[in-house]
Amino acid sequence: MPNSDMTDFSSPVEHYVVKQLGWLRASVLGANDGILSTSSLMIGVASAHGSTNSILIAGLSGLIAGAMSMAAGEYVSVSSQYDMEQADVAREHAELLANPHAEKKELAEIYVERGLDRALAIQVADQLMKHNALEAHMRDELGLSDALAARPFQAALASAASFSGGAIIPFLTALLSPTYLINIIMSLVSILGLAVLGMVGAHIGGANVTKAALRVTFCGALAMIATAAIGSFFGTHVA
């Protein structure tokens, strides 16, 4: 007879999705930034009556500068997080060497707060510390693990790649569009790209897909209208 308790608390698929959720969201946001900032920049130049070459140069420059900026910002941010994590680990290691008994009691208290009775909590803490004391404290006291550890280079590359992936959409659209239709086609393609990314991001986070798509397309259209107006003004009154 099959076991009546079919609950699987360690589903590998679910565990994998939870691990990847942050990276997926960050990638969607990076691509969203790439589409919006690059298309807005190119629309501004086009509205100022710039030549096709000027529009493409602006788009390529925006893509490269944006990707490098995203990579640098992410690297600095995640490096700071990594430094703090390493300092916490070093501090915890020193405390384990200095007073392992107190650290075991501290670990047991964490398990008691999570719902274990005290005797079982002490037993669990004892077993885990015999296996790998530092790992147990990193995971359950500090909330650190290999899966969630800060990786500056990986974060920088991921941010640059996601931004570039988004930015290439308006750039290729402008490259392949007739000169007199660049603004219209690029705006429509960029808004469509933003809508798709909004829906993907909402789906990943379990939010309302339609509401997210409408929100991101409205904000994107507003940014494009603003840069078009600025480009048109300077192209007419300053040039």
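This is a predicted model: local features need pLDDT of at least 70, side-chain atom pairs count only at pLDDT 80 or more; totals for chains, interfaces and linings use all residues.

1. Accessibility terms come first: buried means under 20% relative accessible area, exposed means over 50%, and partly exposed lies in between, with a 1.4 Å probe and protein chains only. By that scale R118, at 44% relative accessibility, counts as partly exposed. R118 is found in helix α4 (residues 118-140).

2. Residues are numbered from 1 along each chain as its sequence is written, and side-chain values use heavy atoms, with hydrogens and water left out.

3. The protein chain has 7 helices and 0 strands, where helices (H or I, at least four residues) and strands (E, at least two) are DSSP runs numbered from the N terminus. Along the sequence the pattern reads α-α-α-α-α-α-α. Of the 239 residues in the protein chain, 32% are buried.

4. Helix α2 (residues 52-98) and helix α5 (residues 152-176) have axes that come within 8 Å and cross at roughly 165°. Axes here are lines fitted to C-alpha atoms, for helices over the stretch in contact, and angles run from 0 to 180 degrees between N-to-C directions. Angles under 35 degrees count as roughly parallel, over 145 as roughly antiparallel, 65 to 115 as roughly perpendicular and the rest as oblique. The pair α2 and α5 is therefore roughly antiparallel. The contact of α2 with α5 involves 20 nonpolar, 6 polar and 1 charged residues. For these classes, Ala, Val, Leu, Ile, Met, Phe, Trp, Tyr, Cys and Pro count as nonpolar, Asp, Glu, Lys and Arg as charged, and the others, Gly among them, as polar.

5. Which hand does the crossing of α2 and α5 have? α2 passes α5 in a right-handed crossing. A crossing is left-handed if the near helix is turned anticlockwise from the far one by less than a right angle, and right-handed if clockwise.

6. α5 also packs against α6, at an angle of about 150° and with the axes 9 Å apart. α5 and α6 are therefore roughly antiparallel to each other. The crossing of α5 past α6 is right-handed.

7. The second largest pocket holds about 300 Å³ of space. On a 1 Å grid over the protein atoms alone, a pocket is an open set of points with protein on both sides within 12 Å along at least five of seven lines, a cavity is a set where a 1.4 Å probe fits but cannot get out, and lining residues have an atom within 4 Å of a point. Grid points are joined across faces, edges and corners, and a volume is the space filled by probe spheres set on the points. This pocket is lined by 13 residues, with L29, G198, A212, R215 and V216 nearest its centre. The elements giving two or more residues to the lining are α1 (12-47), α6 (182-205) and α7 (209-237). By class, the lining of the second largest pocket has 8 nonpolar, 3 polar and 2 charged residues.

8. I43 lies in helix α1 and is buried, with a relative accessible area of 2%.

9. H49 sits in the loop between α1 and α2. Its phi is near 65°, a positive value in a residue other than glycine. H49 is exposed, at 61% relative accessible area.

10. D88 lies in helix α2 and counts as partly exposed at 29% relative accessibility. D88 and L142 are 54 residues apart in sequence, yet 7.7 Å apart in space, C-alpha to C-alpha.
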